[in-house]
Amino acid sequence: MNISLSPRLLTCCNFISPGDRVADVGTDHGYLGIWLLQQGIASSVIASDIVPGPLSAAERNVEKYGFTDKMKCYLSDGVQSIPRDFDVLVCAGMGGDTIISILGAAHWLKDSKYRLVLQCQSKAPLLRRYITDRGWRIAEETVVRDGRFLYTVMEVWWDPGHNLTVGQWYFPPALLENPGPETKEYYRRVTDNLRKAIAGQKENAPQEYVDALRELENLPPELDFLKEE
Ligand SMILES: C[S@@+](CC[C@H](N)C(=O)[O-])C[C@H]1O[C@@H](n2cnc3c(N)ncnc32)[C@H](O)[C@@H]1O
């Protein structure tokens, strides 16, 4: 029986290449890794979770779908207690600050042999700022619609020297590699949210919001299509 994944998790999987050894941190049910093995994409999967309950669910699913030889489960805070022999780290469905604390505790990830696929549920600007200030580059980022939500998934490489501007923390250039209708909607939502936050806080509005909005409202003419309905 084939597992069916949400559009959000399928988009994460689109960043995995054939033969990749994948580490899915914060796996919960383990579905992402099982799907990648069922499709013959990943060659092996490390699945980890900080909470025993979800990890047990992942272990049961690994057994149910017959992948005990290729998918190993670890109880671990971030990557602290997992083996390091993987090619791609996936962190999905977590807050941006949780992903930051996972990356911050593992300096060995700052290495061009690892790729990161990151999908955060909150604080995306903070996460983009953190990773690019520390030497990672957002190589590609995609917007995906899942129910009434718009998420983004980013593929990140160790490649120092690609810091972003304040506006790009909110809407990074990587989103413009393959723009679709969701990209324009994401731009609209980001700028609308900044406008609302600034209006709500008036003179107490953080300068970061004001600077980001100014930058995003004054994009070069070739990006005017983002403002079209
Ligand atoms: C909302 S679920 C997301 C599951 C799956 N990755 C997805 O995107 O559908 C978040 C999972 O991350 C786990 N988690 C939270 N903080 C973690 C950490 N520091 N290290 C490992 N797992 C963590 C939680 O226990 C939970 O199972």
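Begin by selecting the shell around the ligand, whose residues divide into eight nonpolar, six polar and three charged; here Ala, Val, Leu, Ile, Met, Phe, Trp, Tyr, Cys and Pro count as nonpolar, Asp, Glu, Lys and Arg as charged, and the others, Gly among them, as polar. This is a predicted model, in which local features need pLDDT of at least 70 and side-chain atom pairs count only at pLDDT 80 or more, while totals for chains, interfaces and linings use all residues. Residues are numbered from 1 along each chain as its sequence is written.

In that shell 17 residues surround the ligand, and the closest are G26, D28, I50, A92 and G93 (a residue is near a molecule if its C-beta atom, placed from the backbone, lies within 6 Å of it). Next, colour β2 (44-49), β4 (88-94) and α4 (96-104), each of which supplies at least two residues of the shell, with β4 giving the most, three residues; helices (H or I, at least four residues) and strands (E, at least two) are DSSP runs, numbered from the N terminus.

Then select L89 and V90, which touch the most other members of the 66-residue largest nonpolar core, a set of buried Ala, Val, Leu, Ile, Met, Phe, Trp, Tyr and Cys residues joined through C-beta atoms within 7 Å, where buried means that 20 or more other C-beta atoms lie within 10 Å of a residue's own. This core draws at least three residues from each of domain 1 (1-161) and domain 2 (165-229), with bounds from an automatic or database domain assignment.

Finally, show the whole chain, where eight helices and seven strands make up the secondary structure and 41% of the 229 residues count as buried.

Note on methods. A residue is buried if 20 or more other C-beta atoms lie within 10 Å of its own, exposed if 12 or fewer, and partly exposed in between; C-beta atoms are placed from the backbone.
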